[in-house]
Every structure is written in structure tokens, then in C-alpha cells.
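I set out to record what could be looked up in this structure, entry by entry. The sequence and structure come before the notes.

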There are 2 protein chains.
Amino acid sequence: MEPVKVALLGCGVVGTEVARLLTTQADELAARVGAPLELTGIAVRRLGRDRGLPVDPSLFTTDAEGLVARADVVVEVIGGIEPARSLMLRAIEHGASVVTANKALLAEDGPALYEAAAKHGVDLYYEASVAGAIPLLRPLRESLAGDRVTRVLGIVNGTTNYVLDQMDSTGMGFAEAVEQAQSLGYAEADPTADVEGFDAAAKAAILASLAFHTRVGLDEVHREGITGVSAADVRAAQAQGCVVKLLAIAERSTGPGGEDAVSVRVHPAMLPRGHQLAGVRGAFNAVFVEAEAAGELMFYGPGAGGQPTASAVLGDVVAVARHRVAGGRGPGESAYADLPVLPMDETVTRYHVRLDVADKPGVLAQVAGVFAAHGVSIEAVQQRQEQAGPGGGRAVLVVVTHSAPDAALAATVDELEDLEIVDSVAGVLRVEGVDAKGGVA
Amino acid sequence: MEPVKVALLGCGVVGTEVARLLTTQADELAARVGAPLELTGIAVRRLGRDRGLPVDPSLFTTDAEGLVARADVVVEVIGGIEPARSLMLRAIEHGASVVTANKALLAEDGPALYEAAAKHGVDLYYEASVAGAIPLLRPLRESLAGDRVTRVLGIVNGTTNYVLDQMDSTGMGFAEAVEQAQSLGYAEADPTADVEGFDAAAKAAILASLAFHTRVGLDEVHREGITGVSAADVRAAQAQGCVVKLLAIAERSTGPGGEDAVSVRVHPAMLPRGHQLAGVRGAFNAVFVEAEAAGELMFYGPGAGGQPTASAVLGDVVAVARHRVAGGRGPGESAYADLPVLPMDETVTRYHVRLDVADKPGVLAQVAGVFAAHGVSIEAVQQRQEQAGPGGGRAVLVVVTHSAPDAALAATVDELEDLEIVDSVAGVLRVEGVDAKGGVA
């Protein structure tokens with residue numbers, strides 16, 4: 001058989017592993033593809049660095065464009081927007097299939113890339129872009145193709161999960177947990193992309209697009225990071241039998257006019273400890289998928305790292321190479337459902353609100369009145385005296401709401417802050433994974 | 001577009017759901033396939049029964065062979081060996097792609113069916129045959145195609161998992177737990193196929209074949225059911241921080257001559273409570289996959305039921321229909337690795353042995369001597385006095401071994417039974433999910 005020519009763009013942590021696996025597992029890969037995979041070159045920014053790879057040094061090149069023009073399959077692991085986008089488009093125009101792990105680019109410009117791939121009859125695969133090695137996109141796109149996905153709930157950022165897990169298990173504060181994550185290599189020196197939820201938001205956009213056959217842009221994803229999560233928030237969650245997780249959520253929903261819609265968001269949330277996702281520890285990722293017929297599924301595994309990510313990239317390389325050997329392409333993206341994406345204001349969620357209040361009669365009635373005024377129904381209230389004193393003591397009031405539009409909940413919290421009997425709104429967290437009856441869902 | 005003609009063989013719990021989804025979700029399915037799916041007929045054994053389906057009654061037929069001859073895609077949900085096998089072979093010879101949920105037939109005669117499909121250039125898909133709706137076979141076959149799977153450890157039978165879970169959480173015995181499972185519909189009136197491990201063994205054969213690209217016949221799967229698991233075994237596991245699960249295990253291994261090999265088995269085993277699979281409750285299924293680059297992955301979801309199984313069947317129908325619309329077929333099975341399957345005797349496992357012994361000096365030395373004579377190294381020993389008395393009291397001795405060939409472990413237990421100081425071997429369970437250092441793995 002004619003070999004399938006594979007060009008590798010980028011040779012960082014993931015690229016190095018991809019090159020190593022292509023070389024050391026060549027025989028098995030050839031058996032799986034039905035033809036040998038020939039690594040025709042590795043585009044790097046600068047030559048001369050020894051990467052300890054068992055490959056011919058002449059394979060390294062700084063001429064990425066030239067490499068792309070001669071390839072059947074282009075593997076893009078440079079990351080970032082440019083030159084990755086131009087190179088991928090050039091590859092597609094040359095008739096090469098593309099495998100990428102580039103979540104930022106896909107979230108920003110996925111539709112243009114999918115369209116180009118469809119137009120030129122080539123594959124564009126990106127399993128590694130979400131949740132590292134966990135086979136997730138292919139099941140969503142293919143295994144559940146005969147079902148109707150209703151909800152995707154994921155822990156898709158290992159750094160924030162490690163930080164929140166440490167806060168939960170040791171009681172430490174956010175800053176200390178981030179420092180520890182940095183010292184262990186789980187967080188970058190500048191952790192913004194992770195702790196502010198940018199990374200998770202890009203993944204949420206990709207997951208939502210696939211799950212609901214709808215184009216979801218990064219700017220349509222409501223994003224809140226974990227920088228505002230305090231040790232007190234984590235303790236409050238524990239008191240409710242919950243754990244705080246940064247969740248990427250995409251759900252089938254109903255718009256204000258009763259129309260089908262989707263809601264896509266990333267924010268920290270309380271999750272009951274009995275929920276499948278609550279037990280996901282450390283830097284692991286897991287994605288919970290709910291579909292009408294299939295029920296509740298969960299996918300769990302390492303969310304990052306050179307080797308796991310390379311495994312996902314190689315799986316895609318085998319798939320697109322097989323398609324080429326067979327003379328076809330795999331199922332492409334399709335946004336036929338084209339559901340509107342609800343703004344966060346219209347998204348239905350539930351809140352857990354902690355208030356520092358004056359400990360005197362009538363406080364609960366006044367607070368409850370504010371919720372009622374905004375049409376928000378209360379599920380549970382707890383009041384705990386904090387200190388007695390002259391002029392009335394202080395108490396903590398915890399209110400858990402039923403589901404309501406986020407705008408109504410936010411407006412309620414705003415108004416509570418202005419109440420004279422409320423010293424401060426000590427904490428607000430959304431609650432997920434609870435059904436209408438308060439059970440784990 | 002020309003419609004894709006789908007023939008449904010069988011209309012039981014799964015078939016009814018498949019027919020319902022094909023009808024009610026016709027528009028979405030057409031969008032995903034790129035052509036409408038036309039349900040051309042439903043083969044049943046007897047006409048006239050009202051199944052409450054929103055389909056034209058004239059679609060029902062007893063002429064399965066005639067139906068198969070006119071179909072593009074044949075969905076087989078009759079179950080059992082015949083007539084399912086003949087009908088599937090006939091469909092393949094007619095050039096139709098086949099989707100099946102029939103684990104018994106695949107475990108018994110998979111290779112002949114895969115070969116026929118390859119010869120006639122059609123797809124044979126069977127995601128629903130293992131772990132219901134959990135997308136598992138496609139990830140194994142495709143997503144991990146660029147990786148090397150080292151181990152598959154699964155809870156693939158919901159009935160036995162429910163029974164063991166009840167024994168663990170309530171302390172009840174095996175017989176009582178089975179009765180309860182029967183009364184709740186989780187176990188059949190004759191639970192043999194489940195509790196004796198036949199169902200799990202068929203799934204283990206399918207999983208091992210896919211994971212290791214090797215033909216594994218049902219007769220090569222070592223099988224032990226859970227009928228011998230006592231309340232005392234469950235308590236002993238709890239005392240070790242473990243839970244008893246019926247596991248389907250397929251692992252890459254080394255034969256006695258140092259050659260690459262696989263081991264495939266189904267048996268109850270102790271699993272540390274910290275292991276991902278230990279938390280799988282009730283009738284759920286979960287499969288843990290370990291691969292060299294990807295690391296540890298887990299897939300979790302409902303393992304049975306009409307709707308979840310129908311979801312998996314429909315996912316396959318969409319895939320094979322898409323291939324037909326595109327004029328191709330998906331990646332077929334391939335047994336190129338062709339590794340030898342180790343007999344259980346040569347499989348390396350570890351044992352947890354409970355002995356009722358005389359409580360006197362020298363007992364431990366004698367017992368330890370038997371293990372040593374068979375080359376079995378001991379990891380831990382616990383001795384607990386049960387009753388003092390004239391002529392020496394009685395004690396319970398618990399021995400946990402390091403890994404050793406199963407034959408050596410079995411011979412050790414045989415010899416222990418003959419020791420005068422051993423009243424009885426009270427329990428023997430294998431231990432899984434523990435690494436060489438005793439950690440959770």
C-alpha cells in the first residue's frame with residue numbers, strides 16, 4: 001500500500017509524544033490503518049534543539065507551508081490562533097485531512113474550518129481538544145447520533161479541579177491552593193486562562209456545538225471563573241452535602257417564547273456529593289452526558305498531559321488515514337439543528353445565597369419578600385445565630401432557591417444587598433446536579 | 001436523497017424502542033445520515049399483537065428472509081443464536097449492513113460474521129452488545145486506535161452488580177439478594193445466565209477481541225459466577241477496605257515463555273473502595289480502560305434496558321447508513337495482533353484467603369510454608385482469635401498474596417485444605433485493582 005504522508009506541525013509536549021508514537025508503534029498503526037503512516041516532516045520554529053526523538057534529524061523543518069503542501073494528513077499541535085489557522089486552511093485547500101488539539105482556534109473559528117473541510121471533502125478531527133485522552137467527541141458525534149442529548153455537564157479543566165479539590169479536602173483558601181498547584185506543575189505561572197474559565201469556555205463551546213448540532217461561538221458562552229470562590233463558600237457547600245466544582249454546562253432548554261434553545265455556560269457550582277462528577281479528584285476530567293434514550297453516561301480520564309493528548313491525536317490520525325485509504329471521509333460537523341443560544345439572563349438555574357443579617361424578628365419575612373417579588377421560589381432556608389449582642393445579634397441566613405431565570409436570581413441578590421437588615425451577601429453559588437425534587441440528578 | 005431502507009428483526013423491548021425512535025425522530029435522523037431512514041418492515045414471530053407503536057400495521061411481517069433481501073440496513077434484535085445468525089449472514093450476502101445487540105452470537109461466532117461482512121464490503125456494528133448505551137466499543141476500536149490498551153476491567157452485568165451491591169450495603173446473603181433483584185425485575189426468574197457469569201463472559205470475549213485485536217472465543221474466557229460469594233466474603237472484603245464486584249477482565253500479559261499474550265476472565269474479586277469501579281452502584285455498568293498513552297479511562301452508564309440499548313442501536317444505524325450514503329464502510333474488525341489467550345492456570349492474579357485454624361504457636365509458620373512451597377509470596381497476614389478453649393482455641397487467618405500464576409495459588413489453597421491445623425478454607429477471592437505496592441490501580 002502507498003504510505004499515508006503525515007506532517008506534524010509543532011513539537012512541544014504533545015507533538016513530541018505524537019512523533020514518538022508514530023515512530024515506535026509504526027507496525028501496529030500500519031495494521032490498523034491498512035497502510036503505513038509516513039512521518040514526512042516536523043515543523044518547528046527553530047531548528048537545532050535536541051528533542052530526544054528517535055527520528056531522522058532532517059525531518060525537522062521551519063518550512064511549515066511547504067510541509068503542509070505535500071501531506072495527506074496534517075497534525076496541528078502548535079496551539080493558538082495564528083499561524084495554526086492559516087496552516088490548517090492551507091492544508092485543507094491542498095486536500096489534506098487535519099487533526100488538531102487546538103481548542104482555542106476551534107472555539108473561535110470552528111465553523112469556518114468545518115466548512116472549508118466539507119467543501120474540500122477532507123476530514124477535520126479534534127478529539128484531543130476537549131478532555132485530553134477521554135474519548136468524548138466521537139461518542140457524542142457518532143454513538144449518540146441516534147439519540148437526543150439533553151445535557152452535558154463537565155469538569156473539563158484539570159487545574160481548577162485540582163485547586164477546588166485542595167480547597168475542599170484541606171480547607172485552604174484559593175490563593176494558597178493556586179500556589180500549590182503552580183509548585184506541582186498543575187497550574188501555569190499565569191493561571192488566568194484556567195482560573196478565569198477561558199479554557200473551560202472554549203471546551204464548552206465545542207461540546208455544545210457537537211451535542212446540539214448548533215454553532216455555538218465562544219462569545220455565546222457565559223463564563224465565570226473560580227477566583228471568587230472562598231474557603232467559606234467551600235465550607236458552606238460542605239454543610240449542604242455538596243462540593244464546589246467548575247462546571248462546563250450545555251443544556252437543551254426552552255427560550256422565553258417557548259422555543260427550543262440551548263444554554264451554554266461555565267461557572268463554579270455546588271454539586272451534591274452523591275453526583276457522579278463530585279468524586280472526580282485532582283487534575284482529572286470527567287464529562288456527564290444525559291440523553292433521552294441512553295440515560296446518564298459518564299466519561300472519565302486524564303484531561304491533559306502530553307501522552308494522553310497524543311493518544312487522542314493518534315486515534316484521530318488513524319481514523320482520518322483509514323478514511324483516506326478507503327477513499328472517503330468521516331461524518332463531518334453539521335449544525336442543522338441551529339438552535340438559538342440563550343443569554344445567561346434567560347438561562348434557568350438555581351442559587352444558594354448566604355446572607356449576613358441582623359438576628360431579629362421579621363428578617364426572614366423581609367428577605368423572603370424580595371425573592372417573591374422577583375418570582376423566585378425558595379426551596380430551603382437555614383438561619384444560624386452567629387453572635388448575640390446589644391442592638392440585636394448577627395445571624396447567617398442561607399437560602400436555596402428553586403429554578404428560576406438567572407436574571408431574576410441576580411436581581412434578587414442585588415436587591416438583597418440594599419436591604420438595611422442585610423449586612424452583606426456573603427456568598428452566591430449556583431447549584432447543579434439536583435432535580436426538581438431535590439434529589440441528585 | 002434515496003432513502004436508506006432499514007429492516008428490523010425482532011420487536012421485543014429493544015426492538016419496540018428502536019421502531020419508536022426511527023419513527024418519532026425521523027427528521028433528526030435524516031439530517032444526521034444525510035438521507036431519510038425508511039423502516040421497511042418489522043419481522044416478528046406472530047402477527048396481531050398490538051405493540052402500541054406509531055407505525056403502519058402492515059409493516060409487521062413473519063417473513064424475515066424476504067425483509068432482509070430488500071434492506072440496506074438490517075437491525076437484528078431477536079437475540080439468541082438461530083435464526084439470528086442465518087438472517088444476519090443472509091443480509092450480509094445481500095449486501096446489507098448489519099447492526100446487532102446480540103452478544104451471545106458475537107461471542108460464539110463473531111469471527112465468521114466479521115469475515116462475511118469484510119468479504120461483502122458491508123458494516124457489522126454491535127455497540128449495544130456490551131454495556132447497553134455506554135459508548136464503549138467505538139472508543140475502543142477507533143479513539144484508542146493509536147494507543148496500546150493494556151487492561152480492560154469492567155462491571156458489565158447489572159444483575160450481579162445489583163445483587164453484590166445489596167449484599168454490601170445491607171449485609172444480606174446471596175439468596176436473599178437474588179430474590180430481591182427478581183422481585184424488582186433486575187433478575188430473571190432463572191438467573192443462571194447472569195449469576196453464573198455467562199452474560200459477562202460473552203461481553204468479556206467481545207471486549208478482549210476489540211481491545212487486543214485478537215480473536216477471543218467464548219471458550220477461552222475463564223468464567224466464575226457469584227453463587228459462591230457469601231455474606232462472610234463481603235464482610236471480609238469490607239474489613240480490607242474493599243468491595244466485591246463481578247469483573248470482566250481482559251489484560252495484556254506475558255506467557256510462560258515470555259511471549260506477549262492476553263488473559264480474559266470473569267470472576268468475583270475484591271476491589272479497593274478507592275477504585276473508580278468500586279462506586280458503581282445498583283444495576284449500572286462501567287468499564288475501566290487502561291492504555292499506555294491515554295492512561296486510565298472510565299465509561300459509565302446504564303448497562304441494559306430497552307431505551308438505552310435502543311440508543312446504542314440507533315447510533316450504529318446512523319453510522320452504517322452514513323457510510324452507505326457516502327458509498328463506503330467503516331473500519332472493520334481486525335485480528336491482526338493475534339495474541340495467544342492464556343489459560344487461567346497461567347494467568348497472574350492475587351488471592352485473598354480466609355482460613356479457620358487452630359490458635360496455637362507454629363500455625364502461621366506452617367501456613368506460610370505452604371505458600372512458599374508453591375512460590376507464592378505473601379503480602380499481608382492477619383490473625384484474629386475467634387474462641388479460646390481447652391485443647392487450644394480457634395482463630396481466623398487472613399492471607400493476602402502478591403501476584404502469582406493462578407495455578408500456583410489454586411494448588412496452595414488445595415494443600416492448605418489438607419493441613420491438619422486448618423479446619424477449613426472459609427473463603428477465597430481474587431483481588432483486583434491493586435498495584436504491586438498495594439496502592440489502588
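**Conventions.** I worked from a predicted model, in which local features need pLDDT of at least 70 and side-chain atom pairs count only at pLDDT 80 or more, while totals for chains, interfaces and linings use all residues; side-chain values use heavy atoms, with hydrogens and water left out. I number residues from 1 along each chain as its sequence is written, and chains are lettered from A and ligands numbered from 1 in the order in which they are written.

**Symmetry.** I looked up how the two chains are related. Chain A can be laid on chain B by a turn of 180° and a shift of 0.0 Å along the axis, with an RMSD of 0.0 Å; the superposition is by least squares on the C-alpha atoms of residues with pLDDT of at least 70 in both copies. This is the relation of a two-fold axis. In chain A, the C-alpha of A:Phe299 is the nearest to the axis, at 2.4 Å. The same surface serves both copies, for 100% of the contact residues of chain A recur in chain B; contact means heavy atoms within 4.5 Å.

**Chain A as a whole.** I noted 14 helices and 18 strands in chain A, where helices (H or I, at least four residues) and strands (E, at least two) are DSSP runs numbered from the N terminus. The radius of gyration of chain A is 25 Å, close to the 22 Å that the globule rule gives for 441 residues, so chain A is as compact as a globular protein of that length. The radius is taken over C-alpha atoms, and the rule is 2.2 Å times the number of residues to the power 0.38. The C-alpha atoms of chain A fill a box of roughly 85 × 50 × 30 Å along the principal axes. Buried residues make up 58% of the 441 residues in chain A; buried means under 20% relative accessible area, exposed over 50%, and partly exposed in between (1.4 Å probe, protein chains only). Among contacts in chain A between residues at least 6 apart in sequence, 72% join residues at least 24 apart.

**B:Asp233.** I found B:Asp233 in helix H11 (residues 231-239) of chain B. B:Asp233 is buried, at a relative accessible area of 5%. Beyond neighbours within four places in sequence, the contacts of B:Asp233 include B:Arg354 and B:Gly427. B:His352 is 119 residues away from B:Asp233 in sequence and 9.9 Å away in space, C-alpha to C-alpha.

**B:Val425.** I placed B:Val425 in strand S18 (residues 422-431) of chain B. B:Val425 counts as buried at 18% relative accessibility. Leaving aside neighbours within four places in sequence, B:Val425 touches residues including B:Arg354 and B:Leu416, each in contact with it.

**Backbone exceptions.** Most residues other than glycine have a negative phi, and most peptide bonds are trans. I therefore listed the departures. A cis peptide bond joins A:Glu82 and A:Pro83, with omega about 10°, and A:Pro83 is in the loop between strand S4 (73-76) and helix H4 (84-93) of chain A. The bond from B:Glu82 to B:Pro83 is also cis, with omega near 5°. A:His213, not a glycine, has a positive phi of about 50°; A:His213 is buried at 10% relative accessibility. B:Ala131 has a positive phi near 60° and is buried, with a relative accessible area of 1%.
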